[in-house]
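Subject: Structure handover and notes

Hello,

Please find the structure below. My notes on it follow, grouped by topic.

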Amino acid sequence: ANRRKQKHAGSAHAPEAPHCPPAPRRPPFRSIRHTFKPRRRRKKEVMEAYAAKNSIILTAHLKIADKEGKGLLTEDQFVKTVATIGPKFTREELRKILAERKIARSPDGVFSYESLMDKITDGTSQVAVDNDKRLAEILKLLTCKLEKSQIPAFRTAMASLQLTEPAQSILKKTGGTMSAEEFQKKFPAAWKSSREASEILEEAKKTATATTTKESKTIQPYICPSVLSSDFARLAEECKKMIDLGAHWLHMDVMDGHFVPNLTIGAPVIKSLRKHTTSCLDCHLMVSNPEQWVDDFKKAGADTFCFHLEAVEDPNKLLDKLDKLGIKSGIALKPDTPVDAVFPYCNRLHHVLIMTVEPGFGGQSFMWWTMPKVAAIRARFPALNIQVDGGVKTHTIDACSKAGANVIVSGSGIFGQKNPGEVIKAMTDSVSAYQ
């Protein structure tokens, strides 16, 4: 009103200022503080709503943070983990949630995150139902006849079928290797309610981004016999034989007896073998503290150094060291680790390794339900080397190739065969056919 008076000052048409009631008195500072309380309550509700909606992916990240695998985390670990993928909230707000949900916590702030997640989701079983459908659809895609022109749609569809159930749970459910016929008999409701392969591919075709011919040509097949399955008394001779038969890399499984139960080879074996071959020594370290072994493996002559994402707190720091030393770097993921956890580092890597069995245990069946991880990486990083390791043989190679893997690790699938040269050629041809 005052501005209108000033604007029309001296004018015969100046409008009258409307009557304005006096401004209300400013509330005391205590009242302002009081108005913030509902906002804090809404923030807590947002966190719980997010946890309920994304319970399985959040639980998977919490399991990664749970290094000891006891189902327990500190308040700080829980808050930090949620903040990496969802809303940020404070330790005090977490304590209120724990109190309301009646979750016991120790004096130093340790509590069962599994109990909390179960109460937040009210024990819903809808996730398990959805996973059964996804498993059925993965099988339908893997067993359907596929033309090369359908590869982009296939990988888009496969990438969308990320499972939200831990791999060991699925392993127990499906009993290891389960054919489409066996799955259909055991889970008829999930099989019937799931989409057909043609329908899945048609839907994926609308959003699929085909890689260019130039990008596809840059992806070369690399077959890597796992030296762990060789005769160690004739190690150099066995490795030379594999290279002469057409193998590209020699895969070295390094286990420390801590990160995984078994104890295998180390840098001294790499150093001895380097004297007898110029081929790529591809070192996969299944160890708890990979940082301490970088210098030893560099001196020994390792060409690649692939460490597990679950074993390090700061992957970038280790990658910086590998870059400085000139070693090709790779990151490996266990079957339970969410695939998006490796995305921030992929542009720095020589390759990503997707474990298709649990690392450190022999005699396991190929986990065909890990193929959506491979497809997700290939769709996002079309020129990256993607390695698969575990249970890969002649009857499972096509599933890996279709999903987008081009670096194939096989132990008994090559060393244990009468004609390993034919196996290496068959695997090379499969990768080439689907790239």
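The side chains of Glu196 and Lys140 form a salt bridge, with 3.2 Å from N to O. Glu196 sits in the loop between helix H12 (188-193) and helix H13 (197-205), while Lys140 belongs to helix H8 (residues 126-143), so the pair ties together parts that are 56 residues apart in sequence. Keep in mind while reading that this is a predicted model.

Are the two partners buried or exposed? Glu196 counts as partly exposed because its relative accessibility is 45%. Lys140 has a relative accessibility of 5%, so Lys140 counts as buried.

Trp191 in turn belongs to a cluster, in which ring pairs link Phe183, Phe187 and Trp191.

A pair of aromatic rings is described by two things, the distance of the centres and the angle of the planes. The count for this structure is 7 aromatic pairs. One of them is formed by Phe183 and Phe187, with 4.7 Å centre to centre and 40° between the planes, and this pair is tilted. Phe183 and Phe187 are both buried.

Asp132 lies in helix H8. Which residues is Asp132 in contact with, leaving aside its neighbours within four places in sequence? They are Lys173, Phe183, Phe187 and Ala190. Asp132 has a relative accessible area of 14% and is therefore buried, the cut-off for buried being under 20%.

Elsewhere, another lysine is placed over a ring: Lys334 lies over the face of Phe259, at 4.5 Å from the ring centre.

Side chains of opposite charge can pair when their charged atoms come close. How many salt bridges does a search of the whole structure find? The search finds 15. Some of these join up: Glu75, Asp76, Arg91, Arg95 and Arg105 are linked in a network of salt bridges.

Two of the bridges involve Glu75. In one, the side chain of Glu75 meets that of Arg95, at 3.2 Å from N to O. This pair links distant parts of the chain, since Arg95 is in helix H6 and Glu75 in helix H5 (residues 75-85), 20 residues apart. In the other, Glu75 meets Arg105, at 2.5 Å from N to O. Here Glu75 is in helix H5 and Arg105 in the loop between H6 and strand S2 (110-112), so the pair ties together parts that are 30 residues apart in sequence.

Glu75 is buried, with a relative accessibility of 3%.

Helix H6 and what follows

Helix H6 covers residues 91-100, and its buried residues are Glu93, Leu94, Ile97 and Leu98. Why do these buried residues line one face of the helix? Seen down the axis of H6, they fall within an arc of 140°, so they line one face. The face turned away from the buried side carries Lys96, Ala99 and Glu100, which are exposed.

After H6 comes Lys102, with a positive phi. The value is near 60°, in a residue other than glycine. Lys102 lies in the loop between H6 and S2, which is also where Arg105 is found. With a relative accessibility of 71%, Lys102 counts as exposed.

Cysteines

A disulfide is a covalent bond between the sulfur atoms of two cysteines. A search of the whole structure finds 0 disulfides. Cys283, for example, is in none: the nearest cysteine sulfur is that of Cys280, and it is 8.2 Å away. For a disulfide, the two sulfur atoms would have to lie within 2.5 Å. Cys283 counts as buried, with a relative accessibility of 0%. Cys400 is buried as well, and its relative accessibility is 0%.

Regards

Key: Residues numbered from 1 in each chain as written. Predicted model: local features only at pLDDT ≥ 70, side-chain atom pairs only at ≥ 80, totals over all residues. Heavy atoms only, no water. Buried < 20%, exposed > 50% of the residue type's maximum accessible area, 1.4 Å probe, protein only. Helix = DSSP H or I, 4+ residues; strand = E, 2+ residues; numbered from the N terminus. Arc of directions from axis to C-beta. Phe/Tyr/Trp six-rings, centres within 6.5 Å; stacked < 30°, edge-to-face > 60°. Lys NZ or Arg CZ within 6 Å of the ring centre and 35° of its normal. Salt bridge = Lys/Arg side-chain N within 4 Å of Asp/Glu carboxyl O. Contact = heavy atoms within 4.5 Å.
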